[in-house]
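Please look over the sequence and the structure below before reading on. The briefing after them goes through the structure topic by topic.

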Amino acid sequence: MTPADTGLPALVGVIGGGRMGAGIAHAFLGLGSVVRIVDADDAATAAAHRRVRDLVQSSADRGALESPVEELTARLDSTTSYDGLAECDLVVEAVPEDLELKHRVLDRLGRSARPDAVLASNTSSFSITALGERVGGRHRFLGLHFFNPVPSSDLVEVVVGRETDPGIVELAQTWVEALGKAAVTVADSPGFATSRLGLALGLEAIRMVEEGVAPAQDIDTAMELGYKHPVGPLRLTDIVGLDVRLGVADYLTEQLGERFRPPQLLRDKVAAGELGRKTGNGFHDW
Ligand SMILES: NC(=O)c1ccc[n+]([C@@H]2O[C@H](COP(=O)([O-])OP(=O)(O)OC[C@H]3O[C@@H](n4cnc5c(N)ncnc54)[C@H](O)[C@@H]3O)[C@@H](O)[C@H]2O)c1
């Protein structure tokens with residue numbers, strides 16, 4: 001049986017095959033879809049292809065694949081051209097969280113996609129209703145907010161724009177569940193449910209370090225053992241990236257007000273290049 005026979009997307013496009021895009025591509029390969037990644041240039045395209053292959057291989061190593069690795073990777077294609085997106089049933093945009101870049105990419109997607117395709121963004125914070133304007137057809141656009149790392153995360157936040165068609169929302173929820181993940185459906189608002197609440201906790205934890213209330217390690221341990229959080233707010237900030245969190249905090253301050261104003265310590269660390277796990281230092285050493 002092919003994905004199309006079961007109402008699943010037979011051909012899925014992913015724009016931006018980085019950390020999240022590769023994870024999303026890997027997830028849909030597991031569902032039986034043909035997946036086409038579009039990235040910025042040849043080097044990025046090759047890197048995206050490798051990233052997805054590595055994810056498929058590690059699923060196989062864990063015994064989590066029902067089909068041979070080659071069967072999945074044969075359904076993966078990566079390119080710099082938007083032409084191939086014209087056949088896709090679903091396209092998920094996963095380029096970096098930069099509003100101008102997302103606008104450029106979505107403008108192109110709107111011109112390339114089939115009129116009845118479902119179009120989605122993996123944005124962590126931007127307004128889905130506003131992004132939907134760029135693809136010409138807000139009724140078929142929604143947020144599919146996957147979590148990092150995609151293969152081991154059980155959640156996708158389905159973000160409903162003001163004009164998203166309820167039928168499209170239902171279809172997306174079905175697809176998310178077919179991926180073996182839970183869908184929580186939220187109305188479009190800055191930061192949705194997860195980024196907004198996660199950031200509120202993270203920013204307060206940074207203020208507490210700044211004020212000398214306790215060192216980062218103790219604040220994390222308090223939340224991990226006291227409140228059963230799997231990862232403390234400062235370790236999570238390191239994992240997400242301090243620069244990413246600063247960008248979202250600036251955006252939420254603009255949209256929701258002063259309570260999201262980033263602490264000076266966060267700005268200082270980003271300016272010093274201490275971005276968390278990816279640079280080896282942040283609130284912890286990695
Ligand atoms: N990393 C996380 O923890 C996380 C979690 C949830 C959501 N998100 C969101 O997912 C999106 C992607 O984040 P990421 O961490 O995967 O970023 P990333 O930097 O790892 O990957 C971005 C990819 O987009 C590609 N790209 C850049 N410009 C492009 C263009 N013009 N056309 C096509 N591809 C282009 C890059 O080459 C790269 O492959 C962002 O919106 C982010 O907010 C990230």
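This is a predicted model: local features need pLDDT of at least 70, side-chain atom pairs count only at pLDDT 80 or more; totals for chains, interfaces and linings use all residues.

Residues are numbered from 1 along each chain as its sequence is written. Helices (H or I, at least four residues) and strands (E, at least two) are DSSP runs, numbered from the N terminus.

**Around the ligand**

- The shell around the ligand holds 24 residues, and G16, G18, M20, E97 and N148 come nearest. A residue is near a molecule or strand if its C-beta atom, placed from the backbone, lies within 6 Å of it.
- The shell residues divide into 13 nonpolar, 8 polar and 3 charged. Here Ala, Val, Leu, Ile, Met, Phe, Trp, Tyr, Cys and Pro count as nonpolar, Asp, Glu, Lys and Arg as charged, and the others, Gly among them, as polar.
- At least two shell residues each come from α1 (19-31), α2 (42-61) and α4 (99-112).
- Which helix gives the most to the shell around the ligand? That is α1, with 3 residues.

**Strands and their pairing**

- A residue is buried if 20 or more other C-beta atoms lie within 10 Å of its own, exposed if 12 or fewer, and partly exposed in between; C-beta atoms are placed from the backbone.
- In strand β1 (residues 11-15), 5 of 5 residues are buried. L11, G13 and I15 lie on one side and V12 and V14 on the other, and both faces are covered.
- Two strands pair if DSSP finds at least two bridges between them. β1 pairs with β2 in the parallel sense over 5 bridges, and V14 has I37 in β2 as its bridge partner.
- Strand β2 (residues 34-38) is also joined to β3 by 4 bridges, and these two run parallel. The bridge partner of R36 in β3 is D77.
- Strand β3 (residues 76-79) has L76 and S78 on its covered face, whereas D77 and T79 are on the uncovered one.
- Strand β4 (residues 90-93) runs parallel to β5, with 4 bridges joining them. V92 stands opposite A120 in β5.
- Strand β5 (residues 118-121) has both faces covered: V118 and A120 are buried on one side, L119 and S121 on the other.

**Helix α2**

- The 20 residues of α2 reach 28 Å from the first C-alpha to the last, close to the 28 Å expected at 1.5 Å a residue. The expected span is 1.5 Å times one less than the number of residues.
- Which residues of α2 are buried? They are A48, H49, R51, V52, L55 and V56.
- Seen down the axis of α2, these buried residues fall within an arc of 160°, so they line one face of the helix. The arc is that of the directions from the helix axis to the C-beta atoms.
- An α-helix has 3.6 residues a turn, so residues three or four places apart point the same way.
- On the other side of α2, D42, A43, D54 and D61 are exposed.
- The cover over the buried residues of α2 includes α1, β2, α3 (69-73) and β3. Two residues are in contact if their C-beta atoms, placed from the backbone, lie within 7 Å.
- G63, which follows α2, has a positive phi, near 75°.

**Backbone details**

- Most residues other than glycine have a negative phi, and most peptide bonds are trans.
- The peptide bond from N148 to P149 is cis, with omega near -5°. P149 sits in the loop between β6 (141-146) and β7 (155-160).
- F192 is not a glycine, yet it has a positive phi of about 55°. F192 is in the loop between β8 (182-187) and α7 (194-210).
- K228, also not a glycine, has a positive phi of about 60°. K228 is in the loop between α8 (216-226) and α9 (233-240).
- Are these two residues buried or exposed? F192 is buried, with 23 other C-beta atoms within 10 Å, and K228 is exposed, with 7.

**Residue V186**

- V186 is in strand β8 and counts as partly exposed, with 16 C-beta neighbours inside 10 Å.
- Leaving aside neighbours within four places in sequence, V186 is in contact with E157, V159, F192 and A193.
- V186 and E97 are 89 residues apart along the chain, and their C-alpha atoms are separated by 20 Å.
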